[in-house]
Amino acid sequence: MTWTGADYSYMSRALQLAGRGLYTTHPNPRVGCILVRDDRIIAEGWHEYTGGPHAEVVALNNAHAEVAGSTCYVTLEPCCHSGRTPPCTDALIQAGIKKTIAAMLDPNPAVAGQGRNKLEQAGITVAVGLLAAESERLNHGYIMRRTLQRPLVRCKLAISLDGKTALADGTSKWITGTAARRDVQRLRAESAAIMTGIGTVLADDPSLNVRDITLNRIPLRVVIDPELRCPPAAKMLRLPGRTLIFTGNHDAGRRELLQQAGAEVVLLDQPAPGFLHQALTWLAVQEEINDILLEAGATLAGSMLDAGLIDELIIYQAPVLLGDDARGLFKFPPIASMADRRELELIETRRVGEDVRFTFEVKSRK
């Protein structure tokens with residue numbers, strides 16, 4: 001398929017609209033849609049919140065000119081099944097849409113090409129693939145949940161210029177500046193869940209909540225606690241929202257105390273590293289979690305990295321030095337040769353206040 005400059009422009013606008021649902025659509029994908037007739041945009045829409053109308057229906061409802069004969073640009077294949085809302089394919093067919101251009105097919109098995117087929121059977125021309133990579137990036141976690149049955153994991157770390165995360169005694173507040181800490185709140189707001197380890201809970205008693213951003217939901221708090229050492233008085237258990245604790249400890253009395261304090265305790269039966277894989281699968285299947293922000297110390301972060309369960313690293317580097325005896329980024333088994341090194345791909349670099357934010361994709365180990 002040969003795309004025109006106008007095609008790119010219209011789909012870029014649809015992607016901008018899809019991004020407006022960054023905080024609100026979980027567990028649904030972020031989708032934008034525009035309708036074009038006679039070389040002008042006659043309607044725009046995006047999926048605003050879970051349970052609300054999908055982007056295509058919003059655009060149809062917002063149309064300020066005759067829809068029949070127009071072209072629909074949408075960032076994800078229109079759905080063809082009834083869920084919380086009726087099928088978008090039916091709405092497009094009934095409206096008399098002439099052509100649909102989708103950035104990508106929906107990996108949801110209930111759709112997965114069937115939406116395209118239904119439109120084509122109704123006589124609508126369908127093309128797929130325009131700005132597909134950009135749409136995939138916007139919904140990377142959703143795609144991973146649908147195809148791999150595990151969430152996307154982003155690991156957030158703050159480091160000094162000499163690569164340290166805390167002083168030797170564990171003190172880490174604050175390495176980075178206020179602008180970087182505000183940026184972390186946006187990362188939390190984008191995420192379906194925020195995960196940490198029991199070491200961080202015992203050392204810092206974190207809240208793991210979103211501050212200064214208004215949301216229609218509270219990200220799930222997740223604690224990896226194999227021995228079930230989380231104190232019932234932990235701060236996060238007294239806050240609004242849910243806290244889920246994964247453990248391998250069979251002590252029913254201990255679990256009952258934490259449940260009475262407000263936690264939800266999930267008992268897993270696999271030892272490390274299968275424990276971590278099982279936890280992520282449980283979150284994807286049982287909770288429909290698309291993406292997780294991992295905020296943990298070197299032990300859990302290292303275990304997750306070594307198990308191949310970190311997909312992106314987001315590192316805030318501050319212009320400070322902490323010295324040789326300060327704590328490092330990850331704890332994982334020694335690397336015997338350069339062939340076994342962990343390789344990253346730099347995706348983005350940008351200034352955040354006085355600090356620099358690096359975004360890396362973790363390459364798969366061969």
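Visitor: Are glutamate 295 and lysine 156 buried or exposed?

Guide: This is a predicted model, in which local features need pLDDT of at least 70, side-chain atom pairs count only at pLDDT 80 or more, and totals for chains, interfaces and linings use all residues. Residues are numbered from 1 along each chain as its sequence is written, and side-chain values use heavy atoms, with hydrogens and water left out. Buried means under 20% relative accessible area, exposed over 50%, and partly exposed in between (1.4 Å probe, protein chains only). By that rule, both glutamate 295 and lysine 156 are buried.

Visitor: What N to O distance separates the side chains of glutamate 295 and lysine 156 in their salt bridge?

Guide: A salt bridge requires a side-chain nitrogen of Lys or Arg within 4 Å of a carboxyl oxygen of Asp or Glu. Glutamate 295 and lysine 156 meet in such a bridge, with an N to O distance of 3.4 Å.

Visitor: Which residue forms a salt bridge with arginine 145?

Guide: Arginine 145 has 7% relative accessibility and therefore counts as buried. Its closest N and O atoms to the partner are 4.0 Å apart, and that partner is glutamate 288.

Visitor: How is glutamate 288 classed, given its relative accessible area of 32%?

Guide: The value of 32% decides the class of glutamate 288. Glutamate 288 is therefore partly exposed.

Visitor: How many salt bridges does the count give?

Guide: Among them is the pair of glutamate 343 and arginine 341, whose closest N and O atoms are 3.5 Å apart. By the stated rule, the count of salt bridges comes to 18.
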